[in-house]
Amino acid sequence: MSSHIQRATELVAEAESVVVLTGAGMSAESGVPTFRDAQTGLWQRFAPEQLATEEAFRANPSMVWTWYVWRAMLVDSVDPNAGHHAIGTWQQHLAARDGSLTVATQNVDDLHERGGAQDVLHLHGSLHSYRCLECGTPGTFDPASTGITADQDFDHETFVPTVHCDHCELGVLRPNVVWFGESLPEQAFAAAVSALQQAQLVVVVGSSGLVQPAASLPLIAHEAGASLIEINPAATTLSDTADIYIPSTAAVALPELLADIV
Ligand SMILES: [Zn+2]
């Protein structure tokens, strides 16, 4: 075991309050394509802004629904990796000892939850939740009911029926993801900041594509005195600030770091 892995293992063993902050690399390792990598076939004709704005949704809801339903089905077709499972087990381990581990992710999939983590803070929303376009009330919708499948190739959008809000009955449901030009979910972001300010250890994983304001989160914790471990295959702007930078992936490095726990 190299010395920096050894030191990281010691930090993991000592920490009672932990935040794990994850980005697209964590999901990519499970086979979830990034937004842009998912833009094959029909979808490559569109700029991301044409699929991920309220304006696009209002102009062509069936197109935008089809894109999001298909991506939800893609996520359903893959499994959490060893890194997701390690984080879930670590959280349970700390909870049993009056400690805490908060997972904050930029990912819109549910792989952390399926890997055993609870109360995951989805900073960019979720492919598996829906809310009213007008009043924001959460609503239910089953993407599998559309018949869209993960292995489908599209040459046109598939009609997805309009689902009206149960609360205001005027609005329709929309995917509960953060679109271009929208703010991050206030509650999730505030909860992440609060956890980071109290954390002894922050582990940033698979986050080479962290975008603002989430990109500033590890620095909040570092300035508040937390130790910072970064796990990314390639160095990032954070690597010089991190106490320990591990050039690896979540599924490889996390089980190794947590070998005494998970
Ligand atoms: Zn409504």
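This is a predicted model: local features need pLDDT of at least 70, side-chain atom pairs count only at pLDDT 80 or more; totals for chains, interfaces and linings use all residues.
Two residues are said to be in contact when their C-beta atoms, placed from the backbone, lie within 7 Å. Setting aside neighbours within four places in sequence, Val 19 is in contact with Thr 102, Ala 104, Ala 195, Leu 196, Ala 199, Val 202 and Ala 221.

The overall form of the chain may be set out before its parts. Its secondary structure comprises nine helices and nine strands. The radius of gyration is 19 Å, close to the 18 Å that the globule rule gives for 262 residues, so the chain is as compact as a globular protein of that length. Along the principal axes, the C-alpha atoms fill a box of roughly 55 × 35 × 30 Å. Of the 262 residues, 41% are buried. Among contacts between residues at least 6 apart in sequence, 74% join residues at least 24 apart.

Strand β1 covers residues 17-22, and five of its six residues are buried. Six bridges join β1 to strand β2 (residues 100-105), and the two run parallel; within this pairing, Leu 101 is the bridge partner of Val 18. β1 is also joined to β7 by five bridges, again in the parallel sense, and here Val 19 stands opposite Val 202.

From β7 the pairing continues to β8, with which it is parallel over five bridges; Val 202 stands opposite Leu 228 of β8. Strand β8 (residues 227-231) has five of its five residues buried. In a regular strand, side chains alternate between the two faces of the sheet. Both faces of β8 are covered, with Ser 227, Ile 229 and Ile 231 buried on one side and Leu 228 and Glu 230 buried on the other. Three bridges then join β8 to strand β9 (residues 244-246), which runs parallel to it, and Glu 230 stands opposite Tyr 245 in that strand.

Nonpolar side chains tend to be buried together in soluble globular proteins.

Another sheet is built with antiparallel pairing. Three strands form it as an open sheet, in the order β5-β4-β6. β5 (138-139) and β6 (173-177) stand at the edges with a single partner strand each, so one side of each is left without a neighbour in the sheet. Strand β4 (residues 125-132) is joined to β5 by two bridges, and Arg 131 has Pro 138 of β5 as its bridge partner. Helix α4 (residues 61-76) packs on this sheet, touching β4 and β6, and its direction makes about 140° with that of β4.

Asp 76 belongs to helix α4. Is this residue buried, exposed or partly exposed? Asp 76 has 16 C-beta neighbours inside 10 Å and therefore counts as partly exposed, since a buried residue needs 20 or more and an exposed one has 12 or fewer. The C-alpha atoms of Asp 76 and Val 32 are separated by 9.5 Å, although the two residues are 44 apart along the chain.

Key. Residues are numbered from 1 along each chain as its sequence is written. Two strands pair if DSSP finds at least two bridges between them. Helices (H or I, at least four residues) and strands (E, at least two) are DSSP runs, numbered from the N terminus. Axes are lines fitted to C-alpha atoms, for helices over the stretch in contact, and angles run from 0 to 180 degrees between N-to-C directions. The radius of gyration is taken over C-alpha atoms; the globule rule is 2.2 Å times the number of residues to the power 0.38.
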